[in-house]
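Work through the following exercises with the sequence and the coordinates at hand, and compare each step with the solution given below the task.

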Amino acid sequence: MVVKKFSRDLPATFGLIVVMSILTVAVFGWWLVSGPSDVYDSNLLARLSPPSAQNPFGTDDLGRDVYSRVIIGARSALLVGVGVVAASMLIGVPIGLYAGYTRTIGSEVVMRITDIFLAVPQLVLALAIAQILSRGLESAMLALALTYWPAFARTVYGEVRHQKTSLYVEALEGLGASPFRIAVLHLLPNVAPAIIIRATIGVGFAILTAATLGFLGIGATPPSPDWGLAIAESRQFLPESWWLALFPGLAIFITVLGFNLLGDGLRDILDPKLRRSR
Amino acid sequence: MKHVGVYRSLALALAIAVSSVQFANAEQKNEMVWGELLPETLDPHLASHSQMQFYMLNTYDGLYRYEGNPPQVVPWLATAHEVSQDGKTWTFKLRKDVQFHDGTVLDSSDVVYSFRRLLAMGRGPASAFSSYLKPENISAPDNETVRFVLNERYAPFLSALPLVSIVNEGLLSSHQVGNDWGAAWLSSNEAGSGAYALDTKTYRPLEAMDVHRFAEHFHGWSDNPRPIETVRVRPSKETSTSVLVLLKGAIDATDSFLPPDQVKRVEADEGLRVSKDESMRILVIRMNNKKPPFDNVNFRKCLSYAFNYDGYIAAILQGYAVRNPGPIPQNLWGAPKDLEGYTFDMSKAKEFCDRAKAEGAPIDRKLKLFAPSEHVQMAQTGQVLQAETRKLGLDIEIIPATFPSLAGSMGTPESTPDMWVHWVSTYFADPENWIGQMYDSRYHGTWKASSWYENAQVDEILGKARSALSQEDRRSLYEEASRIIVKDAADIWVYNTIQLRGINKRVNNFHFTPVGAGGELRWMSLGQ
Amino acid sequence: MLEFICRRILSLFPVILGLLVLTYALLYLAPSDPATILAGENASVEDIQAVRKEYGLDRPVYVQFGMYLKQVSVGNLGVSMYSNRPVLEDIAQRLPATIELALVSLVLMAIGGITLGTMGAVWHNSPIDHVTRMISVAGLAIATFWLAIMLQLVFAMVLGWFPVRGRIPPEMVPPVQITGLYLLDSILTLNFSAFRDAVRHITLPAITLAFGGLATVARFTRSSMLENLTKEYVSYQHATGVPFRRIIVPYVLRNSVITAVTQLGLLFGSLISGAVVVEMIFDWPGIGSYLVNAIFTSDYKVILAVTIVVGVIYALVNIIVDVIHAMIDPRLR
């Protein structure tokens, strides 16, 4: 039933296909390129050559094959997306559950802290955090996770607040179930759909923001074939070497698009209250 | 009553509007648009980097000035100087005919004030003097004489003098707040006597600066009959955009960091040319000599042989750099002419790495190379080393970081990274600016001495060179020190820069000098 | 109503204080040491130590923070360590550029988003709907910095229709400053050539910045219109013979637009994030590029000040949106 409904939703199906393909590329990427030397070794004589049969996406300023680098870049992009979302969930979901279910000073304080995090655009805060950590993908991920968890906390908080007034929670409380038990065994499964939707869209969003950090020079480090970094490096070779900017950017676009479409589709199925178009 | 005010301000607005329209329409004036980067502040005593040099050279004057390439120190506000027998007391005679932009006459008290202000602020250019000059030892015996008594003999003193702009004491005192030496005001105003004067009304920090010719400049204008009246400085952060603006004819020159890949494109345009000048700015890959495996001289030699110097210069820099085998720019005195240095030789590299390994150096660990992210060249340099050393089984990771955060981590050998890449530019054209401050252990803890090289013999030679007064003696001392340091492979010295600047052909008399990268506007004129 | 506004404004203070603590803590943890740069290229270790002392960088962190709070409480955001200029002055000079860019983007967002959303709803499930939906989905998936570079590449570098950078041509003197918004100032001073130039310069950055938000506005317009279209009064009117397009404009569109406009407040955050990269790529002299510059040079006071200013503006915009919301829907008060 669910599968049927999903498969009728063309954009969502397209999203699923894209996400599956990206996953495949990320896992089996090395089979699609001729070897690490194409990705990492410089070949100064062949630098900045336009797309050709041999190098379908051209070569970069060190003579490395852009196609190979875009393919291998998928892995770190996905890793960032999934890693950031997982870490944000790990922080945000328990906090949201706690703050939503109990009504103590602690929950009030926690929610005010999320207010502080949400008071500045995420990118600005992540930029500041990434700047103080040592450079590298891990730091960028940490910076993103540290600034993205309030989104999960808020989602869970809202849902739990909503559910708390339901009859079944009151019934459980009446039966003497412990708050922990109610929260984890009964509330959590009920807010799971909201978390899954947020997470799917969050992966795309995290990839986008991580690429922006990479572009600003505080994410992935050379010679990593990071997409954002590649675009940053391409700028000084524009407009002649346009392929340096075009292909990594398309890769980001398609990946994020896939996750967004999938997230939309999931929302339709998992959350019938909301209309598909939102 | 109220209405009158409104009408008056309306009329005023209209008048301003009309005048600004006229201003914009009065084309084909003797005006130039210059694409140089602007300094963060306009206070010439706060910084001495290239952006500041550009500003200083045009709006201020110093006692001496660098002209030509290779740069010579020529008398500017000073006419002559005397040095006492012990080499500590320096007496300067000043010109009498110098006017500041506000019309007041520049005399010795302005000079004393400027040096004291510089030392009191303790920033940027002050560091070239603070170790041997105390404010109370600067005096003015009369209106046109200034006397400096140094704590110790310091030969490069004269070479460092062009770093100091002489500011207008009266003007600054009138804008002093608390005891700030007029710093708040001077950060966006100007108090100089230079050939061009700042237009404060149109100045926008880091964005736009206009300067107008100062007709009463002491040097006179007889050697430039058709000087440029107004220069509008409009920086572009990204080079690819500034090239485009140059091609469109909207600016007359880019900054001096034109990427080699853009040279052909600029030269393809009939009306443009590229000025290619060998500067004194060396690129160095620093190695932390105190951290294993870099404490092993054979390992350092291995890396020195594993860098593809010629390939890098020929392919990536398109030949626009000169191989510089040692720590002094090869076009400056003190650099040994016969210095061989290291060449790209993978079999030798392997040999030395094997030797280092046999001696127990941990060469298999991950080596971190930091590259300042302000210039793409830094990471490129690292990647060239990385690509070759991969074949030796070495694992180098390149980490971009901003220059301030990097420079801030050089306080101890432990916090200093394994390797990092940077330029050492000309702040003053004396070997002391390079070898002296890079390899004398008394500078340990500063970013310039970040290889933590320690050699008592070198310390002694450099100390002697600092205090010897004859240039011939100093030359041989610096040559000797260079040879020792190169033999020890303290760092990897890559090249001396050829600075590239795209210029519209209508700009005549562009003279390059390593200090200020040729941005001295007073010599230029516009013609077809 | 007044009480509601006051309450919202009062609730701002703890948030801003928290933001200050957070930012300050982050800066304190930062490994970079501005003193080494400030001391100059020929500095000795003693010189660096002297600068550290001068700026209080050697004091315990709570003392530094206390000193800073005292300053901020009297409205003094300090001076930039690099330029010695008051940070507030720099921000005041650069803010109009960002505001102008944000306003033009908001207008583009609203016009584009509402048009697309309306088209999608009216021709529900037709090819037009699919196309508009594709556009709005793409808008959320495209990286702002990449879009900026692509637009710059195609329309400025290759086709040459628009300038690559800046707010006005390099050779031009900025129009007389009245509001600081060049588009407005050039009209007020009847300087039409400056106006034309300003429009040409703002086009690409504003389109880039508007793209992401446009998608969101389109989605909200479309869905709320679809909701409204199924309401009884619409079917009723339609049944009584009123032509469909006469219903759409006065009733349905108005209701839907109100919903969509309240979303604009939420979009403000993404607008600021976008401005950071857009300003950098197009050399737009606003506070976004100012902040990036400060972060890269570790100019503490500037980073703190811009964070506070952005936080306050962000909060104020949300309060305004809430107030509008509350005026429309009194239940929310």
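**Exercise 1: the interface of chains B and C**

In this interface 60 residues of chain B are in contact with 48 residues of chain C, where contact means heavy atoms within 4.5 Å. This is a predicted model, in which local features need pLDDT of at least 70 and side-chain atom pairs count only at pLDDT 80 or more, whereas totals for chains, interfaces and linings use all residues. Residues are numbered from 1 along each chain as its sequence is written, chains are lettered from A and ligands numbered from 1 in the order in which they are written, and side-chain values use heavy atoms, with hydrogens and water left out.

Task: describe the area buried between chain B and chain C, and the elements of chain B that touch chain C.

Solution. Begin with the buried area (the accessible area, 1.4 Å probe, that two parts lose on being put together, summed over both), which is about 4500 Å² between chain B and chain C, with 54% given by carbon and sulfur atoms. On the side of chain B, the residues that lose the most area to chain C are B:Arg123, B:Arg204 and B:Pro404, together 14% of what that side buries.

**Exercise 2: the interface of chains C and A**

Task: find which side chains meet in a salt bridge between chain C and chain A.

Solution. The contact takes 44 residues from each of chain C and chain A, and the area buried between them is about 4000 Å², of which 76% comes from carbon and sulfur atoms. The count of salt bridges here is one, and its partners are A:Asp264 and C:Arg219, at 2.4 Å from N to O.

**Exercise 3: the disulfide**

Task: locate the disulfide and give its handedness.

Solution. A disulfide is a pair of cysteine sulfur atoms within 2.5 Å, and B:Cys302 and B:Cys353 form one with their sulfur atoms 2.1 Å apart. The torsion about their S-S bond is about -80°, so the disulfide is left-handed. The pair links distant parts of the chain, 51 residues apart, with B:Cys302 in helix H9 (residues 297-305) and B:Cys353 in helix H11 (residues 346-358) of chain B.

Technical notes:
Helices (H or I, at least four residues) and strands (E, at least two) are DSSP runs, numbered from the N terminus. A salt bridge is a side-chain nitrogen of Lys or Arg within 4 Å of a carboxyl oxygen of Asp or Glu.
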